[in-house]
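Q: I'd like to learn how to read the pockets in a protein model. Could you walk me through it with an example?

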Amino acid sequence: MTSPPRGVRELCRAYLPLLSEAAYFSHQTAAMLLGIPLPSQLSEGPLHIAVAFPRTPPRGRGVHGHSLGSVHGEIVDGMPVCAPAQVWCQLSGVLDREDLVAAGDHLVGARRREPLAEIDELMDAAADLNRTKGSRSRVWALPRIRFGADSRPESLLRLLLEEYGYTGLEVNRPVLLRGGRLVLHPDLRLPHRRLAFQYEGDGHRVDPRQWQADIERRDLLEAEGRRVVRVTSRDLFGNPDAFRDRLAGFVTNVDIRATKDDIRDES
């Protein structure tokens with residue numbers, strides 16, 4: 001007896017024999033195949049498949065077909081997937097604008113992640129779909145996409161800090177310590193305030209090695225005159241207003257001339 005497929009990738013492989021030529025996995029399905037981070041509520045559901053108009057999109061149980069004005073793609077792990085820039089535009093109809101930025105951050109790459117699309121490709125794809133569903137979100141998101149974010153929470157944290165008025169944030173930029181002999185990459189930092197932000201997901205708490213590395217990173221940064229703000233999921237998703245109030249209580253006092261005597265950790 002064969003067990004039913006589990007997970008999006010297995011479901012897509014199981015559906016491949018039924019997939020017509022010139023049809024591509026699209027929208028949320030394509031996002032998951034490409035590794036684009038999505039909110040948890042969008043990580044399950046029907047398979048999304050797109051064809052070019054006027055072709056008839058597929059229908060059936062567990063399948064959501066789309067007939068789009070323009071469809072092209074590539075083979076990813078043996079499966080036809082819409083082009084990453086097109087997928088980003090498709091997601092603009094289902095994601096809020098902050099998560100659309102996080103999706104764009106993922107696509108343009110990071111220090112340890114090759115880009116799947118250039119920002120110009122996202123702009124061109126968005127221009128081709130002017131005045132279609134999600135156009136306002138695309139216009140808002142495009143200038144806020146940045147290279148370097150390692151995760152969705154990092155992207156959302158940057159946007160939240162910008163909303164609170166903190167400008168000039170650098171994303172995973174190198175910080176030279178010990179006379180240039182050591183290089184660290186804080187998630188976010190404000191160089192003119194000598195301030196760094198580190199997002200700590202639950203994995204940071206339960207993994208002893210990661211926990212020790214976090215402590216050492218913080219100590220190294222603070223030893224050379226930088227404050228480190230440790231941010232958790234509660235700060236970002238649970239009670240961002242309390243997080244803003246906590247920041248207001250100490251960030252305004254940061255002095256660019258900070259010395260070791262001025263440093264304190266904000267946990």
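Q: How do the residues of the lining of the largest pocket divide into nonpolar, polar and charged?

A: Let's start with the general idea. Rolling a probe the size of a water molecule over the atoms shows where empty space is left. Keep in mind that this model is predicted. Here, the lining of the largest pocket has 10 nonpolar, 11 polar and five charged residues.

Q: What volume does the largest pocket have, and which residues are the closest to its centre?

A: The volume comes to about 570 Å³. There are 26 lining residues, and the closest to the centre are Leu68, Gln86, Cys89, Gln90 and Leu129.

Q: Which elements give two or more residues to that lining, and which gives the most?

A: Look for α2 (27–34), β3 (63–68), α3 (84–91) and α5 (119–128) in the largest pocket. The top contributor is α3, with five residues.

Q: Okay, on to the second largest pocket. How much space lies in it, and which residues lie nearest its centre?

A: This one holds about 300 Å³ of space. It is lined by 15 residues, and those nearest its centre are Arg112, Asp150, Glu154, Asp187 and Arg217.

Q: How many residues of each class does the lining of the second largest pocket have?

A: Seven are charged, six are polar and two are nonpolar.

Q: And which elements each supply at least two residues there?

A: Those are β10 (195–199) and α9 (208–223). Of the elements, α9 gives the most to the second largest pocket's lining, with three residues.

How values were computed:
Residues numbered from 1 in each chain as written. Predicted model: local features only at pLDDT ≥ 70, side-chain atom pairs only at ≥ 80, totals over all residues. Heavy atoms only, no water. 1 Å grid on protein atoms, 1.4 Å probe; cavity = no way out; pocket = protein on both sides within 12 Å on 5 of 7 lines; lining within 4 Å. Points joined across faces, edges and corners; volume = space filled by probe spheres on them. Helix = DSSP H or I, 4+ residues; strand = E, 2+ residues; numbered from the N terminus. Nonpolar A, V, L, I, M, F, W, Y, C, P; charged D, E, K, R; others polar.
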